[in-house]
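Here are my notes for you to read with the model open beside them. Take the points one by one, and find each residue on screen as you go.

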Amino acid sequence: MVTFAASPFSEFAAQCPPGMLIVGVDEAGRGPLAGPVVASAVALCKPRPGGLDDSKKLGATKRSTLDEQVRRRCAWGVAVVEPEEIDRRNIFGATMHAMTLAVARVAEAMGRAPDMVLIDGNLTPQGRDAGWVWPARAIVGGDAREPAIAAASIVAKQWRDRLMVAAAADHPHYGWDRNKGYGTAEHLQALREHGPCPLHRRSFAPVAQMDMIAEMIA
């Protein structure tokens, strides 16, 4: 597990009086067969970057621009949970833990705990991860409704995409620069031909099946 954070400018921290620190959280990479799950937490700057929206609705250029703006001007945290830990915890537990770590880094960067954490989806880590200690509210479709969640979705997706493109250079068979580890026809065919690599999630059915076949052949 790896976490990253940026310390905000002093004037940004000063804009957040007591009772007003809202943090948005989202994740990227819950469904792929390979690579980490990445969670991001963002406390938005004022004025916030324009055009924030669900990362899946944005073109690559716009998403990249917004990612840079958010990480340059706002307080943010990113947590990366690798495949081995995903297999140990299961993907739900790994995602909840990644969200907890990301929020903890924002709190560290701000020097104070958030007063409310808004999370995309219908569940929060509250009561589901031992490290979670903040008030939280889940919002279905929050990445399209709440700007702080939208910002987190953009940062998480861009961060994970960069990781998968870099991983593709070391594991070129699977086409991760194109499919980002999802179970596309290209990726599944490569699994059949080459078997899984250390970045595959062994607990996910298509990968587990390849492991079973390899053991039977051996």
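1. Is Lys 180 buried or exposed? Before we settle that, keep in mind that this is a predicted model. Lys 180 has a relative accessibility of 17%, so it counts as buried, the cut-off for that word being under 20%. You'll find Lys 180 in the loop that runs between helix 7 (176–179) and helix 8 (185–194). Its backbone deserves a look too: phi is positive, at about 55 degrees, although Lys 180 is not a glycine.

2. Now for another positive phi. Asn 90 isn't a glycine either, and its phi is near 85 degrees. Asn 90 belongs to the loop between helix 3 (83–89) and helix 4 (91–110). How accessible is Asn 90? The value is 42% relative accessibility, so Asn 90 counts as partly exposed.

3. While you're checking the backbone, go to Pro 47. The peptide bond leading from Lys 46 to Pro 47 is cis, and its omega is near -5 degrees. To find Pro 47, look in the loop that joins strand 3 (37–43) and helix 2.

4. On to the rings. How many aromatic pairs does the structure hold? There are three. One of them is Trp 132 with Trp 134, an edge-to-face pair with 4.8 Å from centre to centre and 85 degrees between the planes. Both of these tryptophans, Trp 132 and Trp 134, are buried.

5. Compare that with Tyr 174 and Trp 176. Here the ring centres are 5.1 Å apart and the planes sit at 20 degrees, so this pair is stacked; planes under 30 degrees apart get that label. Tyr 174 and Trp 176 are both buried as well.

6. Arg 71 lies over the face of Trp 76, at 5.9 Å from the ring centre. Trp 76 turns up again when you look at Ala 109: the C-alpha atoms of these two are separated by 7.8 Å, though they are 33 residues apart along the chain. Ala 109 itself sits in helix 4, and at 18% relative accessibility Ala 109 counts as buried.

7. Next, a pair of helices. Two packed helices are described by the angle between their axes and by the distance between those axes. For helix 2 (residues 60–73) and helix 6 (residues 147–170), the axes come within 9 Å and cross at roughly 110 degrees. That angle makes helix 2 roughly perpendicular to helix 6.

8. Which residues of helix 2 meet helix 6? From helix 2 they are Arg 63, Ser 64, Leu 66, Asp 67, Val 70 and Arg 71. On the helix 6 side, they meet Ala 151, Ile 154, Val 155, Lys 157, Gln 158, Trp 159, Asp 161 and Arg 162. Sorted by class, this contact has six nonpolar, two polar and six charged residues.

9. Let's follow the chain out of helix 4. Gly 111 is in the loop between helix 4 and strand 5 (116–120). At 66% relative accessibility, Gly 111 counts as exposed. Where in space is Ala 13 relative to Gly 111? The two are 98 residues apart in sequence and 8.6 Å apart in space, C-alpha to C-alpha.

10. Finish in strand 5, where you'll find Leu 118. Leu 118 is buried, with a relative accessible area of 5%. What does Leu 118 contact, leaving aside its neighbours within four places in sequence? Its contacts are Ile 22, Val 23, Gly 24, Val 25, Arg 137, Ile 139, Glu 146 and Ile 149. For a distance to check on screen, take Leu 118 and Asp 143: they are 25 residues apart along the chain, and their C-alpha atoms are separated by 9.8 Å.

Terms used. Residues numbered from 1 in each chain as written. Predicted model: local features only at pLDDT ≥ 70, side-chain atom pairs only at ≥ 80, totals over all residues. Heavy atoms only, no water. Phe/Tyr/Trp six-rings, centres within 6.5 Å; stacked < 30°, edge-to-face > 60°. Buried < 20%, exposed > 50% of the residue type's maximum accessible area, 1.4 Å probe, protein only. Lys NZ or Arg CZ within 6 Å of the ring centre and 35° of its normal. Axes fitted to C-alpha atoms, helices over the stretch in contact; angles between N-to-C directions. Helix = DSSP H or I, 4+ residues; strand = E, 2+ residues; numbered from the N terminus. Parallel < 35°, antiparallel > 145°, perpendicular 65-115°, else oblique. Contact = heavy atoms within 4.5 Å. Nonpolar A, V, L, I, M, F, W, Y, C, P; charged D, E, K, R; others polar.
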